Amino acid sequence: MSADDLGQPVGRSLGQVHAAGYDEATRQRLATDAASILARYPKERSALLPLLHLVQSEDGYVSPRGIAFAAQMLGLTTAEVSAVATFYTQFKRHPNGTYTVGVCTTALCAIMGGDAIWEELTAHLGIDHDETTDDGVITLERVECNAACDYAPVVMVNWEFFDNQTPDSATALVDGLRAGKPAVPTRGAAAVVPFREMSRVLAGFPDGRADEGVGAGPATLVGLDAARRHGWTAPPFHAADAAADAPPTGSAPETGTPGSSAQRPVTTPSDSDPAVAKPPASKPETQQKGS
Amino acid sequence: MATTLTPVLSAHWDADHSWSLSSYEATGGYTALRKALTMAPADVVTTVKDSGLRGRGGAGFPTGMKWSFLSPPDGGPRYLVVNADESEPGTCKDVPLLLANPHALVEGMAITAFAIGCHHAFVYIRGEVLHATRRLQQAVAEAYAAGYLGSNVLGTGFDLELTVHVGAGAYICGEETALLDSLEGLRGQPRLKPPFPAAAGLYARPTTVNNVETIASVPGIVLGGASWFTSMGTERSAGHGLFSLSGHVARPGQYEAPLGITLRELLDMAGGIRPGHQLKFWTPGGSSTPLFTAEHLDVPLDYESVGKAGSMLGTRALQIFDDSVSVVRAVTRWLEFYKHESCGKCTPCREGTYWLVAVLKRLEAGQGAPGDIDLLLDVCSNILGRAFCALGDGATSPVTSAVKYFREEFEAGMHTPADVLFPPEKSSLFAYTPRRSAQLAGVH
C-alpha cells in the first residue's frame, strides 16, 4: 500500500466548502461502525476519539471528509471536531505511511542509544520527524516514553514493541518494511499490521490477534525469575487467619508472620514510633504488621 | 534481614497464555469477585481502607478513602474510570501487566464497581500500546461471556458495563481531570478543582479515577484480607508494588516487592550497575520526581521515607544512570518531553517549559550564558505551585534536583558541550561511532 492509493479526497481549494465526502456504500458502512461506537457511551460525544481512529482506519489520516463525517455523527461542527483532533499526536493531519516508525528519544531511551538510532534512521531514510518516505511506506517519528524503559532503547512500529534496538537492527527493520517483509515485534502480534488496520483496533474493533505473541518479555519476568530462584513468595492468603492463632513453634516463622523473611526490618521512624506513624482512625490500634 | 520479593500481580506472568481467562481462573482468578459479591459493598470499601492501599499511579492517595469521598448515592450514575494512560517517563509497569494479565484489572474493576455502586466503568488506555489494547479488549469480552460483566453479574442482580476507551497520544491525559475531559470527547486539558471528580467527575457525576496497578491489587486484598496486605510494606506504605528498574543496570525489569525496599537491595537482585561504572543519579518514581544520587541508596522506597529525603515515590519507576551520563543532557531530554506535552492551558507551564528547554539546550551545547543556572531556577520557581496541574510542577523536578546535586555540570555548560564532557557513545548500551564528532556538535 502506498500513499498514492490511499483513495484520499482531493484537497479543498479556495471557495470550496468541503472535499468530497464518502460514497454512499462507504458512508453506510462507516455509519454502522459509528453507531456501535456511540452505543458504548452514556453520552455520545465520548465517541469522538474512537470515531477519529475509525476515520484513520478508512483514510489513513484525519481527512477533511472524516472530520465532516464525525461531526455529522455527533451533531458537532467541523471546527469542534478539528479542535479535538489537533490536540492529539496520534491523529495525523496528512496521509500517514503504512507504518509509523517511532524512535523513543525521551531521556532514558535517548541515552541508552535512542539518539544514535534516531541519527542513523534519519540519515538512512533521508527524512525527519513526521515525514514520510517517497514510497509511502514509512512515517518516521520521534516518540516519547512508551512504557518499555526496561527494554531500552525502544522502537515502535505502528505502536508495537521492538525492544532492545541498535542502529543496525533498526535499519534492518525499516529496510524489511520497505521491501514488504513482515515485521515481527518483540512483544506483540505475529506481525505488525498496517496503519489503517491498527487504527481500526484502536477504534475498538478487535482484529483477533490478541492471542498472538508472548505474554511477557524477559525483563518483565526478571523479578519473578529471581523470586523463584530464591524461593521468595508473597505471604499466602491464609496467613492472616493463621496468624490469629498462636504462631507455630519449633519451626521457621510462616511467611507473612512476624519474624519471617517477608517482614521488613524497622527502617523508618514511622515503623517504630507510633507518634510519627499515626494510623488511620478506622484502623484498630492493635493491628500490627503481620498480624 | 534483607527484604525479599513478593510476586502477587506478577506471580503468574510466565504461565502459558497467562492473559487468557482460563489461565487466570486456573490460578484463582475471579474468586475474589465471587467473595466480594457476597459482602456488603460498604464492607468491601472498609477492607480496602483498612489495607492501607494507596494509589499506585504516583500520588499515593489512600484508595479506600478516595472511594469513600464519592458524593452519597442520589439515584444517578456513579463512575469508575481506570487510568491506563501510562506515560510518565520511566514508568513501565501497567503495560506489561495488561499484556500478561489483563484479567487482574477486569476483576479489580468489577469488585470496585460493586463496592462504590457503579454500573458503567471505563478503562482509558493509552493509544500507543496496541497489543496491550488487544489483550484488554479480549479480556473484557471473555469476562462478559463468562458472566463476570454485563447484566446480572454471576446471578447476583448486579449490573456492570465496562468500556475500553483508547486515547490518542497525550501525556496530559494521565492527569485525572484531563483524562475525564478526553473521555468526554474534548481536548485533554485539566479542569479547575474543586469540584473534585468525587463530586463532579465524568459527565459531572461522582467518579473515582484509579490507576491500573491500584485496581489490580484489589482482588488480592479482598481474598487475603486487609491484614494480609499490611503484612507487607511499612506501617503507612502497605503492601506490594511493582518496582521498574531501567537504564544502566545488569538486569533491568519488573521487581514486585514490599514498599520500603531500598534501591541497594533491588540493585543486588538486578545484578548491580553495569560493569566498570558507578551509580550517578536515579529517579525514584519517574521523571517528575526529583533525582536521587548514590547517597540515597538506602532510602526505604515508601511514600514517607522518599518524601523525607526530598523526592516522591511516584510510580516506582527507577531510572538508573551511571557515571558516563551527562545530567545536563538527561534533564534537557526530559524537559523537551514536558515542553511537548504541556497542554498549553496555563501560562506558567506552557511558557516556562519552553524557556527551560531553550536555556538547557544552550547549556548542553556548551554555550550557556552567565546567570543561566539562576535563570533556570527562577523559571522553575515561577512554574512550581503556579501551574494548573501537576505536569508543570513535575517539569521542575529534574531541573532543580539536578542543579542541587550537579551544579558544576551546569556551570561547565557555559564553556564545554555536554557531549565533550560525557561522550554519548560511552552511555549507550551498544558500541557505535557518532556521526558527528563531539567538538563540532556545538548545536544540537
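Predicted model: local features only at pLDDT ≥ 70, side-chain atom pairs only at ≥ 80, totals over all residues.
**View 1. Domain layout of chains A and B.** Chain A is divided into domain 1, residues 3-85, and domain 2, residues 99-196. The centres of these two domains of chain A, taken over C-alpha atoms, are separated by 28 Å. Chain B is divided into domain 1 (21-230), domain 2 (240-314) and domain 3 (327-438). Eight residues of domain 1 of chain B and nine residues of domain 3 of chain B take part in the contact between them. On the domain 1 side of this contact, five residues are nonpolar, two are polar and one is charged.

**View 2. The contact between chain A and chain B.** Chain A contributes 91 residues to the contact and chain B contributes 100 residues. Several helices of chain A each supply at least two residues of the side that touches chain B, among them helix 2 (48-59), helix 4 (78-85), helix 7 (195-202) and helix 8 (222-230). The largest share of the chain A side, 10 residues, comes from helix 5 of chain A, which spans residues 107-125. By residue class, the chain A side divides into 49 nonpolar, 27 polar and 15 charged residues.

**View 3. The largest nonpolar core.** This core has 218 residues, and those with the most contacts inside it are V81(B), V82(B) and A110(B). Helix 5 of chain A provides the largest share of the core, 11 residues. When neighbours within four places in sequence are left aside, A110(B) is in contact with L33(B), Y148(B), L149(B), V153(B) and L160(B).

**View 4. The parallel four-stranded sheet of chain B.** Four strands of chain B form an open sheet in the order 3-2-1-4, with parallel pairing. Strand 3 (161-166) and strand 4 (207-211) of chain B stand at the edges, each with a single partner strand, so one side of each has no neighbour in the sheet. On average, neighbouring strands of this sheet are turned by 20° against each other, direction ignored. Six bridges pair strand 2 (residues 120-125) of chain B with strand 3 of chain B in the parallel sense, and V123(B) stands opposite V164(B) in strand 3 of chain B.

View 5. Helix 6 (residues 102-116) of chain B lies across strand 1 (79-84), strand 2, strand 3 and strand 4 of chain B, and runs at about 150° to strand 1 of chain B. Helix 7 (residues 130-145) of chain B packs on the sheet and touches strand 2 and strand 3 of chain B. The direction of helix 7 of chain B makes about 165° with that of strand 3 of chain B.

**View 6. The mixed five-stranded sheet of chain B.** Five strands of chain B form an open sheet in the order 6-5-9-7-8, and the pairing is mixed. Strand 6 and strand 8 (292-293) of chain B stand at the edges with a single partner strand each, so one side of each is left without a neighbour in the sheet. Strand 5 (residues 240-247) of chain B is joined to strand 6 of chain B by six bridges, and the two run antiparallel. A hairpin of five residues links strand 5 to strand 6 of chain B, and F243(B) has Y255(B) as its bridge partner in strand 6 of chain B. Strand 5 of chain B also runs parallel to strand 9 (residues 317-322) of chain B, joined by four bridges; here S244(B) stands opposite A317(B).

Technical notes:
Residues numbered from 1 in each chain as written. Chains lettered and ligands numbered in written order. Domains from an automatic or database assignment. Pairing = 2+ DSSP bridges. Contact = placed C-beta atoms within 7 Å. Nonpolar A, V, L, I, M, F, W, Y, C, P; charged D, E, K, R; others polar. Core = buried A, V, L, I, M, F, W, Y, C linked by C-beta atoms within 7 Å. Buried ≥ 20, exposed ≤ 12 C-beta atoms within 10 Å, placed from the backbone. Axes fitted to C-alpha atoms, helices over the stretch in contact; angles between N-to-C directions.
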